[in-house]
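Subject: Handing over the structure

Hi,

Here is the structure I promised to pass on. Please open it first, then read my notes below.

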Amino acid sequence: MFKARRLLFFYVETPLHVGAGRASANVDLPIQRERVTQYPMVQASSLKGALRAEFCQTYGLKDNSPEVEAVFGKAGGTGDNWAGAVSTGDARILLFPVRSLAGVFAWVTSLHALESFRRAADLVGQPISWTLPQGMPDTNTAWVGSKPQVSAQGKVVLEEFSFNAQPKAEVDAIAKWLAEHALPQGAAFQYWRDTLPARLCILHEDAFRDFCLYGTEVQTHIRIDPDKKTVAEGALWTAESLPADSLLYAPLMAMDVRNGKDSKNADAVLKEFDFLQGGHIQLGGDETTGQGWVAVKVYGG
């Protein structure tokens, strides 16, 4: 049983591509998605691998060093092997940025996404104070805060879709909590924290799913023949990415080290990850082209 728990928030600063490993009908390299909802996600195995790499770099350790294996485990079919002391869950979407006719862009979410987040927070022992509005927004309605920046003449226009803006006090409370606890702190993110209450929209679950499905960034790539200076044959492909300004979350949990050598307890294991607070890590592919940089916020503890 896990003895120590935290919640990680990941604010996407550059387009994030964590590949699904198979082509779709429209994109050669799609991103990972939840099977049922089709929401974008980062699978726990991908996230844990990135945390392990960052752990090694931060402390100047080799991947097979005893300190790393004590925390992340040691593989092997027989003999001297053990499970890791740290566990991560999938990184799931909470806020998704969508182009807006007013205010440049809006952060959209849904009751389903918010309730899923509340359940994850409860899992790590961090209950959420805010409540959700009663009922469900209509398919043509967007619940907004008291001073929305993304509405004009009572309408919220996202991409080519129009929604009736309906102010809700609960949206202000949710946005204020997220700005304080989920978005990175510091002067660099002051503007984003300040404008979150004015940009947040809670949509019908179908609308939120559709934006998550069709509102991602798709980049076209080519490879140039170095001699002919033309596109190499067969070297044209597309890659899907989660857009910048998306917000994801994932549980981070720990138990006592299980290698039979160290006496480090679960709290001490999570203490090793304090370097994440207010820092940046790289997730997914295309690292050498600046993709996948996320700002990390640790909540709880």
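Which two strands form a hairpin with five residues between them, and which residue in the turn has a positive phi? The strands are β6 and β7, and the turn residue is G103, with phi at about 80°.

Before the rest, two points on the source. This is a predicted model: local features need pLDDT of at least 70, side-chain atom pairs count only at pLDDT 80 or more, and totals for chains, interfaces and linings use all residues. Residues are numbered from 1 along each chain as its sequence is written, and side-chain values use heavy atoms, with hydrogens and water left out.

Helices (H or I, at least four residues) and strands (E, at least two) are DSSP runs, numbered from the N terminus. Two strands pair if DSSP finds at least two bridges between them.

β6 covers residues 91–99.

- β7 (residues 105–110) is joined to β6 by four bridges, and the two run antiparallel. R99 stands opposite F105 there.
- β2 (residues 41–42) has two bridges to β6 and is antiparallel to it. V42 has A91 as its bridge partner.

β6 is mostly covered, with seven of its nine residues buried. Buried means under 20% relative accessible area, exposed over 50%, and partly exposed in between (1.4 Å probe, protein chains only).

Helix α1 runs over residues 44–59, 16 residues in total. From first C-alpha to last, α1 reaches 22 Å, close to the 22 Å expected at 1.5 Å a residue. The expected span is 1.5 Å times one less than the number of residues. A44, L47, A50, L51, R52, E54, F55 and C56 are the buried residues of α1. G60 follows α1 and has a positive phi, near 65°.

Helix α4 has 13 residues, 169–181. At 1.5 Å a residue α4 should span 18 Å, and its end C-alpha atoms are 19 Å apart, which agrees. Buried residues in α4 include V171, I174, W177 and H181.

Look at two loops. Q38 sits in the loop between β1 (4–12) and β2. Its phi is positive, near 70°, though Q38 is a residue other than glycine. Q38 counts as partly exposed because its relative accessibility is 28%.

D245 lies in the loop between β14 (231–241) and β15. D245 is not a glycine either, yet its phi is positive, about 80°. Is D245 buried or exposed? D245 counts as buried, because its relative accessibility is 18%.

**Cavities**

How many cavities of 30 Å³ or more does a search of the whole structure find? The search finds two. A cavity is a set of points, on a 1 Å grid over the protein atoms alone, where a 1.4 Å probe fits but cannot get out; lining residues have an atom within 4 Å of a point. Grid points are joined across faces, edges and corners, and a volume is the space filled by probe spheres set on the points.

The largest cavity has a volume of about 40 Å³. L16, V18, I31, Q32, P40, M41, V42 and L242 line it.

The second largest cavity has a volume of about 30 Å³. Its lining is E34, Y39, R92, I93, H112, A113, S116 and Y249. α3 gives the most, with three.

**Aromatic pairs**

The whole structure holds 20 aromatic pairs. One of them is F117 with Y249, edge-to-face, at 5.0 Å centre to centre and 75° between the planes. This pair links distant parts of the chain: F117 is in helix α3, Y249 in strand β15, 132 residues apart. Rings of Phe, Tyr and Trp (its six-membered ring) pair if their centres lie within 6.5 Å; planes under 30 degrees apart count as stacked, over 60 as edge-to-face and the rest as tilted.

F117 is buried, at 0% relative accessible area. Y249 counts as buried too, at 2%. Ring pairs link F9, F117, W130, W177, Y249 and Y299 into a cluster.

Best wishes

Definitions and conventions. On a 1 Å grid over the protein atoms alone, a cavity is a set of points where a 1.4 Å probe fits but cannot get out, and a pocket is an open set with protein on both sides within 12 Å along at least five of seven lines; lining residues have an atom within 4 Å of a point.
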